[in-house]
Amino acid sequence: MNRIFKFRVWDKKNKQFINEDIGGYVINEEDIELNKIFLNKEYVFQQFIGLLDKNNKPIYEGDIVEVTFEHFGAVSVSKGDTEYTGRGHVFYNKESAAFRLQLKSGSTYCFKGGKNLKIIGNTFETSELLK
């Protein structure tokens, strides 16, 4: 099974995404030019986590999502007949070597799919959504 790594790139200087999707690259030590781009401190690369949200939009690290806790990971929350929703951001956890979701409360969760997630922003352009 081949996996294509896709990225979006945040330009720190101009405060905007310079490319919504950079995909199809295999990064190796011989690819000097691509490594120069990735090591450039003016840009922040955010990787596609391999999942689509409930609207079929690709989820990237740094996205702010709204999650419905119907059956999210090991969590099952019920408040009568209403669904419980939370808000958090997607990040890469080095200790677990996995993308995770951190809620505003500080709790973190692994992903089991994107069907219960809806992208509502990202940490660069709409960070106020996490307050």
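Two strands count as paired if DSSP finds at least two bridges between them. Helices (H or I, at least four residues) and strands (E, at least two) are DSSP runs, numbered from the N terminus. With that in hand, Phe-7 stands opposite Gln-47 in E3.

This is a predicted model, so a few ground rules apply: local features need pLDDT of at least 70, side-chain atom pairs count only at pLDDT 80 or more, and totals for chains, interfaces and linings use all residues. Residues are numbered from 1 along each chain as its sequence is written, and side-chain values use heavy atoms, with hydrogens and water left out.

**Confidence**
- pLDDT is the predictor's confidence in each residue, from 0 to 100; the chain has a mean of 78, with 69% of its residues at 70 or more.
- Among the elements of the chain, E9 has the highest mean pLDDT (95), and strand E2 (residues 16-25) the lowest (62).
- Take care with residues 71-82, where pLDDT stays under 50. The model has 15 contacts beyond four places in sequence for this stretch, a contact being heavy atoms within 4.5 Å.

**Strand E1**
- E1 (residues 5-11) pairs with E3 in the antiparallel sense, over 5 bridges.
- E1 is mostly covered, with 5 of its 7 residues buried. Buried means under 20% relative accessible area, exposed over 50%, and partly exposed in between (1.4 Å probe, protein chains only).

**The nonpolar core**
- A nonpolar core is a set of buried Ala, Val, Leu, Ile, Met, Phe, Trp, Tyr and Cys residues joined through side-chain atoms within 4.5 Å.
- The largest one here has 11 residues, among them Ile-49, Val-65, Phe-99 and Ile-119.
- E5, E7 (98-103) and E9 (117-122) each supply at least two residues of this core, and E7 gives the most, with 3.
- Core member Val-65 touches residues including Val-90, Leu-101, Leu-117 and Ile-119, leaving aside anything up to four places away in sequence.

**Asp-63**
- Asp-63 sits in strand E5 (residues 63-68) and is buried, at a relative accessible area of 2%.
- Its side chain makes a polar contact of 2.6 Å with that of Arg-8. A polar contact is a pair of N or O atoms within 3.5 Å; within protein, one must be able to donate a hydrogen and the other to accept it, and residues adjacent in sequence count only if both atoms are side-chain atoms.

**Lys-41**
- Lys-41 lies in the loop between helix H1 (32-39) and strand E3 (43-52), exposed at 71% relative accessible area.
- C-alpha to C-alpha, Lys-41 and Lys-12 are 8.5 Å apart in space, though 29 residues apart in sequence.
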